[in-house]
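Here are my notes on the model you sent over. Have it open while you read, and go through the points in order.

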Amino acid sequence: MPVLIEHIDAIARQKQRAVLYLEFHPQSDFADSSVYDYEADNKRQAFLDWLQQHGIAWQPSAPIASGCGFGAYLGQIYVDLPMDDDDPLYRHLRDHLEYPDGSMRDPNQRFFYLPLDIAMRNAHHDEPGFWDTWAKDF
């Protein structure tokens, strides 16, 4: 059954704050995304289980919206925590994903911070009928 997956920038605008986003695809250039099955990725599932065990909410999320087209969903997620070094839960998440130097513990994961001001560049996407009009003109 089809599911509507929000773009990460739309989630930031809904939350009215910067947001955290993860990708799990094993290839940094997405050259052959057809071979990656996020539903069969045991490391991704283990991470989602870890989030649940620690009471951290998440939801599927598409990348930043683009007027140039859509890509396939590759298992990306929004993590419902603010980036706040004073928050012990955020620090626990960060330390689970990254080494102290900021590099990723798993090279097949990418951990992003999307500031609200960048998400606001697509605020016109939230206008009623924007995507319907876009689809007609695409």
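**Notes on salt bridges and cores**

1. There are eight salt bridges in the structure, a salt bridge being a side-chain nitrogen of Lys or Arg within 4 Å of a carboxyl oxygen of Asp or Glu. Keep in mind that this is a predicted model, where local features need pLDDT of at least 70, side-chain atom pairs count only at pLDDT 80 or more, and totals for chains, interfaces and linings use all residues. Residues are numbered from 1 along each chain as its sequence is written, and side-chain values use heavy atoms, with hydrogens and water left out.

2. Have a look at Asp80, which pairs with Lys15 in a salt bridge (3.5 Å, N to O). Asp80 sits in the loop between S3 and H3 and Lys15 in helix H1 (residues 8–15), so the bridge ties together parts 65 residues apart in sequence. Helices (H or I, at least four residues) and strands (E, at least two) are DSSP runs, numbered from the N terminus. Asp80 is partly exposed at 28% relative accessible area, and Lys15 is partly exposed at 39%; the cut-offs are under 20% for buried, over 50% for exposed and partly exposed in between (1.4 Å probe, protein chains only).

3. Asp80 also forms a salt bridge with Arg17, with the closest N and O atoms 2.7 Å apart. That pair links distant parts of the chain, as Arg17 is in the loop between H1 and S1, 63 residues from Asp80. Arg17 is partly exposed, at 22% relative accessible area.

4. On to the nonpolar side. The largest nonpolar core has 18 residues, and those with the most contacts inside it include Leu22, Phe47 and Val79. A nonpolar core here is a set of buried Ala, Val, Leu, Ile, Met, Phe, Trp, Tyr and Cys residues joined through side-chain atoms within 4.5 Å. S1 (19–23), H2 (42–53), S3 (77–79) and H3 (88–97) each give at least two residues to this core, with H2 supplying the largest share, four residues.

5. Leaving aside neighbours within four places in sequence, Val79 is in contact (heavy atoms within 4.5 Å) with residues including Leu20, Leu51, Trp58 and Leu93. A second, separate core of eight residues includes Ile11, Ala12, Val19 and Tyr21.
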